[in-house]
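Please guide me through the reading of charged side chains in a protein model.

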Amino acid sequence: KRECFVSIYDVDTLISQARVLAANYLKMMGKPLPGMSNEIAFNDAARLLQLTLTQDQSLSYDAIGSGEGNEGKKVQIKGRMIIDDDNSNQRIGQVATEREWDSVVLLLLNAEYEPVEIFEAEREVILENTAKSSEGKKKRGAMSVARFKKIAKLVWSADTAELPSE
C-alpha cells in the first residue's frame, strides 16, 4: 500500500508562494500566469475587507460580508493586475447583472501581485452604468477599469494600509 505525503499549508502561505511564482513568471515570460491574479485577488479581498469566500461556484457572488458593517452582504470580486498607470483599455470581468449580489469589489494588483487598491461599487451604481454601455457592441455588465474606478468608492489602499474614512 502506497502512502501519500500530504503537506499542511495555510491559505496565507499558499497565496504568498503563488504571488512569488506569478511575479517570477511575469518577469521571465513577459505575460501573466493565467488565473493567478483572480485567485490572489479573491483571497486578498476576503482578508482585507472581512469577507468569507463562498465555495459554491454556481452562485453569482464570490463572498459574503462577515465584518462589522458588511455582514451578509453578497459581493462579486474582480481582480486586475495594473503594471502601468494606463488602465483605460483594461477591462474587468463581466458582472452578472441579472443575478443576485449586492456589490462588486475590484482589487488592483501590482507587478509583484501585491494589492494596491480596492474599489467597491454598489449594485444600483453598477446597473445604472452598465445599462448605459449595453448599447452597441459592448456586453452588458462589462466595463473598463478606469470607468469602474470613476463610479466606485475607494475602500482600501496600500498607501494607508487601512480603510479610508468616510
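**Charged pairs and burial**

A: Asp-44 counts as buried, since its relative accessibility is 1%; buried means under 20% relative accessible area, exposed over 50%, and partly exposed in between (1.4 Å probe, protein chains only). This is a predicted model, in which local features need pLDDT of at least 70, side-chain atom pairs count only at pLDDT 80 or more, and totals for chains, interfaces and linings use all residues. Residues are numbered from 1 along each chain as its sequence is written, and side-chain values use heavy atoms, with hydrogens and water left out.

Q: How many salt bridges does the structure hold?

A: Side chains of opposite charge can pair when their charged atoms come close. A salt bridge is a side-chain nitrogen of Lys or Arg within 4 Å of a carboxyl oxygen of Asp or Glu. The structure holds eight of them.

Q: Which residue meets Asp-44 in a salt bridge at 2.7 Å?

A: Arg-19 does, N to O. Arg-19 lies in helix α1 (residues 11-29) and Asp-44 in helix α2 (residues 36-49), 25 residues apart; helices (H or I, at least four residues) and strands (E, at least two) are DSSP runs, numbered from the N terminus. Arg-19 is also buried, at 10% relative accessibility.

Q: Which residues are linked with Arg-19 in a network of salt bridges?

A: The network links Arg-19 with Asp-44, Arg-47 and Glu-114. Glu-114 meets Arg-19 at 3.7 Å, N to O. Glu-114 is partly exposed, with a relative accessible area of 37%.
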